Amino acid sequence: MALISNQIQLIRSENAFKVGPYIRGLEAEGHKIVKCNLGEPDFPLPTHIRNEVKRQLDLDNTHYTDPQGILPLRKAIAKYIGEARDIKLTPEQVVVFPGGKPPIGFCQQVYCDPGDEVIFPSPGFPIYESFIQYVGAKPVPLHLREEIGFSFRGADLEKLITPRTKLIYINFPSNPTGGVATKDQLVEIADVIKKKCRPDVRIYSDEIYEHILFDGVKNHSITSVPGMLERTIIATGASKSYSWTGGRIGWAVFPTVEEAKIFTNLNINYFSCIAPYNQEGARVAIESPESKTTIAAMCKAFQERRDLVVSKLNAIPGIQCQLPKGAFYVFPNIAGVVKNLRIDEAYKSLPEDLKKQTSPSTLFQMFLLYKYYVATMDRKSFGQLGTEGMHYLRLSIATGMEDLKTGMQQMEKAAADTKGFAAFIEKREHLF
Ligand code: PLP
């Protein structure tokens, strides 16, 4: 009998956390790394939220609490989500989780039986794909199209829907592309869903970047389209909007109270409840008018950085980068660099076992990290199935302006360093 179950070996991971030890290793050798790998705002937790958490700790609000989430927070969530999307919600439909991540996998446990099909965006947040085989479901990637701002049309989705479809993930503003859906696109997608899916097919609308928007663009939710609220789970949280990734607070609104109860029971089974002092902090984050100001300041900084990074990237031969409308990532197409540095040829010449673990964009990612000290993420980190021949990187712009300027200079040098890349590959080190 094996120590580790076969099933657990089917779960994947999020590579953004894998790059951390590589960076620490390089830093220990004395290198300064420009960190464009991590998806977390580089701003402090806003003072008004911090003060509330401290106040709650001083009140000794540190004990077990409601596993569904404290009622004042659920009320605040139902109110702000409902008002922003023009929909009616009750606090009984809301469940609070330790971050925006847990409901992703929980939904697959709750809704999917073996053989059911799960549609997810690719490129997309890796946790959607990570769980699918673990729960015995079938992964069905929905490839986002660069030419329409990394979005998809109703017809793209329609082709993938079958009688076994059970769960469909959508994510706008998107990680890793920064794409934002227009109202019309969402209406078109909703029409396909209403036409082709049974009412028990669930749509998971990941809106965790709901407040990180540029150029005056608004977040549209598919739940605002008539007939969609009763099929859709809205998931979001505090990590990105309030620069509070370590607070581990997220929430989801379910179509029915019965479903919310099932998720509450999963909370009881896995972690009992979320730290009550942080839940009070999240309530203040949602209700305080000061949050508007801190979010606006953060978006202004991200937009300035986006403008700099996108213009610098587009000036590098071999790179094409779209202007994201939300979130804090840029997702350049590096096909030209792959060609110019002969990365494809180098990849093809690798032994089969190495090839399986890397990709052309991974090779450039690792070359950038180990030779030019810029940490980025490769295409493979955002969905693996059917992505051969797709050459992209994700850069997070949640890094200071000066670091980003250095990073862009380094990328420009790396993208022209044919000899350096050949020598890097020759060594057969750090290839994934
Ligand atoms: N959903 C998306 C699209 C994300 O990008 C992230 C984090 O990067 C999450 C969910 C998870 O967020 P949290 O840190 O709150 O668990």
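Which residue in S12 is the bridge partner of Met-377? In this predicted model, the partner is Arg-394.

**Sheet**

The bridge belongs to the antiparallel pairing of S11 with strand S12, residues 393-396, which runs over 2 bridges. These strands are part of an open sheet of 3 strands, ordered S9-S12-S11 and paired in the antiparallel sense. Strand S9 (329-330) and strand S11 (377-378) are the edge strands; each has a single partner strand, so one side of each has no neighbour in the sheet. Strands of a sheet pair through backbone hydrogen bonds, in either a parallel or an antiparallel sense.

**Helix H15**

S12 is also among the elements against which the buried residues of H15 pack. Helix H15 covers residues 401-415, 15 residues in total, and reaches 21 Å from its first C-alpha to its last, close to the 21 Å expected at 1.5 Å a residue. Its buried residues are Leu-404, Gly-407, Met-408, Gln-410, Met-411, Ala-414 and Ala-415. Besides S12, they pack against strand S1 (34-35), helix H10 (290-314), helix H11 (335-340), helix H14 (360-372) and strand S10 (374-375).

**Ligand site**

The ligand is surrounded by 13 residues, of which Gly-100, Asp-206, Tyr-209, Ser-239 and Lys-240 are the closest.

| Residue | Polar atom | Distance to a ligand oxygen atom |
|---|---|---|
| Gly-100 | backbone | 2.7 Å |
| Ser-239 | side chain | 2.6 Å |
| Lys-240 | side chain | 2.6 Å |

On its own the ligand has 390 Å² of accessible area, and the protein covers 94% of this.

Methods: Residues are numbered from 1 along each chain as its sequence is written. This is a predicted model: local features need pLDDT of at least 70, side-chain atom pairs count only at pLDDT 80 or more; totals for chains, interfaces and linings use all residues. Side-chain values use heavy atoms; hydrogens and water are left out. Two strands pair if DSSP finds at least two bridges between them. Helices (H or I, at least four residues) and strands (E, at least two) are DSSP runs, numbered from the N terminus. The expected span of a helix is 1.5 Å times one less than its number of residues. Buried means under 20% relative accessible area, exposed over 50%, partly exposed in between (1.4 Å probe, protein chains only). Contact means heavy atoms within 4.5 Å. A residue is near a molecule or strand if one of its heavy atoms lies within 4 Å of it. A polar contact is a pair of N or O atoms within 3.5 Å; within protein, one must be able to donate a hydrogen and the other to accept it, and residues adjacent in sequence count only if both atoms are side-chain atoms. Accessible areas come from the Shrake-Rupley method with a 1.4 Å probe; for residues, only the protein chains shown count as cover.
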